[in-house]
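Have the 3D view open as you read.

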Amino acid sequence: MADFFKNMNEVYVRKHFPNGSVFDGALKTVKRISIVSIIFLAVFLGGALFGLLWAIGRTMELRAEGRDDMLDVSLVICGFLGLVVLGCMVVLVFIILGLRKKREDYIATSAKNSKLPVNEIEAFEQQAVAPDCFILKLTAGLDRLLSNSTNKDGLLTRDYIYLADPAQTVLRVDTLKACCFTDYTYYANTGKHRKKIHCLAIFLTASNGVSVLSDTTKKAGEALIALLKERNPAIDTNGGRVVPESALDDYKKRILGEQ
């Protein structure tokens, strides 16, 4: 279990949680990713603008030369490049607006997504930097590198569990109804063929209906299930079996007693 769970320490807090805040840490990560995205989009937008201006100029030349047979093609190219430029500009605006968010905005968003009051999210943050908080390392290698989590590690405090999903979901351990394995799939291009990739994940759901998924290795997932089961014996683990992706919604409804 020590391979997957480490106790919180001052070195980790200083490195990952600016001002001792989990959400300041998430904000720092998002800002870093956003700045890289802005640079990439700015370069792409510059290329698209150059292409659009060239296409407009070429269209005007064709019109002046009376080459009506080529005008339609040229106008289509202008329209396509115009849409690309517009799309890039919209994405850039959203990213820039996201950079203006503060810790309080992240806490409010987390509270909304977690269906918990703000004071509980703040209590989670206080517990997260305490020595009895566990740092959860559920993934390793390439899976960890490709994870979309705002922080690669989850956190298990005295009362809460946080798997650093993009929605910044916080769940109370004493309200957990299920903790089990599930899988999901995606397709990857491998030369001339598309290969279906299966990924193992841990699934958590609480009595308020809030759920979260996180990539995991089998051993790390088993260790987390065992630890949560110790704290909340009522948690359903599906007998350690993997719930297929196609059956996950039905499983959740059954656990929550929904019709």
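The paragraphs below take up a helix packing and then the aromatic pairs. Please keep in mind that this is a predicted model.

Is Ser34 buried or exposed? Its relative accessibility is 12%, and because buried means under 20%, Ser34 counts as buried. Which residues does Ser34 touch, leaving aside those up to four places away in sequence? They are Ile95 and Leu99.

Now step back to the helices themselves. Two packed helices are described by the angle between their axes and the distance between the axes. For H2 and helix H3, which spans residues 68–98, the angle is about 155° and the axes are 8 Å apart. Since angles over 145 degrees count as roughly antiparallel, H2 and H3 are therefore roughly antiparallel to each other. Their crossing is left-handed. What kinds of residues make up the contact of H2 with H3? There are 24 nonpolar residues, along with six polar and two charged ones.

Next come the aromatic rings. How many aromatic pairs does the structure hold? There are seven, and two of them are worth a visit here. A pair of aromatic rings is described by the distance of the centres and the angle of the planes.

One of the pairs brings us back to H2. Phe23 and Tyr162 sit 6.3 Å apart, centre to centre, with 70° between their planes, which makes the pair edge-to-face. Phe23 belongs to helix H2 and Tyr162 to strand S4 (residues 160–162), so this pair ties together parts that are 139 residues apart in sequence. Both Phe23 and Tyr162 are buried. Ring pairs also join Phe23 and Tyr162 with Phe124 and Tyr160 in a cluster.

Another pair is formed by Phe203 and Tyr251, again edge-to-face, with 6.4 Å centre to centre and 65° between the planes. Where do these two residues lie? Phe203 is in strand S7 (residues 193–206) and Tyr251 in helix H8 (residues 248–256), so the pair links distant parts of the chain, 48 residues apart. Phe203 has a relative accessibility of 4% and therefore counts as buried. Tyr251, at 5% relative accessibility, counts as buried too.

Key
Residues are numbered from 1 along each chain as its sequence is written. This is a predicted model: local features need pLDDT of at least 70, side-chain atom pairs count only at pLDDT 80 or more; totals for chains, interfaces and linings use all residues. Side-chain values use heavy atoms; hydrogens and water are left out. Buried means under 20% relative accessible area, exposed over 50%, partly exposed in between (1.4 Å probe, protein chains only). Contact means heavy atoms within 4.5 Å. Axes are lines fitted to C-alpha atoms, for helices over the stretch in contact, and angles run from 0 to 180 degrees between N-to-C directions. Helices (H or I, at least four residues) and strands (E, at least two) are DSSP runs, numbered from the N terminus. Angles under 35 degrees count as roughly parallel, over 145 as roughly antiparallel, 65 to 115 as roughly perpendicular and the rest as oblique. A crossing is left-handed if the near helix is turned anticlockwise from the far one by less than a right angle, and right-handed if clockwise. Ala, Val, Leu, Ile, Met, Phe, Trp, Tyr, Cys and Pro count as nonpolar, Asp, Glu, Lys and Arg as charged, and the others, Gly among them, as polar. Rings of Phe, Tyr and Trp (its six-membered ring) pair if their centres lie within 6.5 Å; planes under 30 degrees apart count as stacked, over 60 as edge-to-face and the rest as tilted.
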